[in-house]
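Here are my notes on the model you sent. Please read them with the structure open.

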Amino acid sequence: LVECSEKARAVFGDTRPSKDTLRELGGRFNRSLPHRGEKCAGWVFSRTKGDQLRAVLGLCVPAALKRA
């Protein structure tokens, strides 16, 4: 999960197993996102989706979401 701008975050890597879930969260797939000086395939999301993305990807999730 990478911050791309003030308004957007991106997910890179092997996302095929989670593609349907990422799409349901409002993600847009883009084959040529700039990442570490190269163009890479990834999913772009609104910055407001950060906590939901962390939960889906199994990343560190705030305690409030773990209880829900």
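Is Val56 buried, partly exposed or exposed, and why?

1. Val56 first. This is a predicted model, so the values below are computed from its atoms. Val56 has a relative accessibility of 34%. The buried class ends under 20% and the exposed class starts over 50%, so Val56 counts as partly exposed.

2. Surroundings of Val56. The residue sits in helix α2, which spans residues 50-57. Setting aside neighbours within four places in sequence, Val56 contacts Thr21 and Leu25. Leu22 is 34 residues away from Val56 in sequence, yet their C-alpha atoms are 8.3 Å apart.

3. Overall fold. The protein chain holds 3 helices and 4 strands. Read from the N terminus, their order is β-β-α-β-β-α-α. Take contacts with a separation of 6 or more: 45% of them join residues 24 or more positions apart.

4. Burial and surface. The protein chain has 68 residues, and 24% of them count as buried.

5. Nonpolar core. In soluble globular proteins, nonpolar side chains tend to be buried together. Here the largest nonpolar core has 6 residues. They are Val11, Leu22, Leu25, Trp43, Phe45 and Leu53. Leu25 also ties back to point 2, as a contact of Val56.

6. Trp43. Beyond residues up to four places away in sequence, Trp43 touches Arg9, Ala10, Val11, Thr15, Lys19, Leu22, Arg23, Gly27, Arg28, Phe29 and Leu33.

7. Largest pocket. Rolling a probe the size of a water molecule over the atoms shows where empty space is left. The largest pocket holds about 150 Å³ of space. Two elements give two or more residues each to its lining: β3 (28-35) and β4 (38-46). The largest share, 3 residues, comes from β4.

8. Pocket lining. The lining residues are Val11, Gly13, Asp14, Thr15, Arg16, Lys19, Phe29, Arg31, Ala41, Gly42 and Trp43. By class, 4 are nonpolar, 3 polar and 4 charged.

Technical notes. Residues numbered from 1 in each chain as written. Predicted model: local features only at pLDDT ≥ 70, side-chain atom pairs only at ≥ 80, totals over all residues. Heavy atoms only, no water. 1 Å grid on protein atoms, 1.4 Å probe; cavity = no way out; pocket = protein on both sides within 12 Å on 5 of 7 lines; lining within 4 Å. Points joined across faces, edges and corners; volume = space filled by probe spheres on them. Nonpolar A, V, L, I, M, F, W, Y, C, P; charged D, E, K, R; others polar. Buried < 20%, exposed > 50% of the residue type's maximum accessible area, 1.4 Å probe, protein only. Contact = heavy atoms within 4.5 Å. Core = buried A, V, L, I, M, F, W, Y, C linked by side-chain atoms within 4.5 Å.
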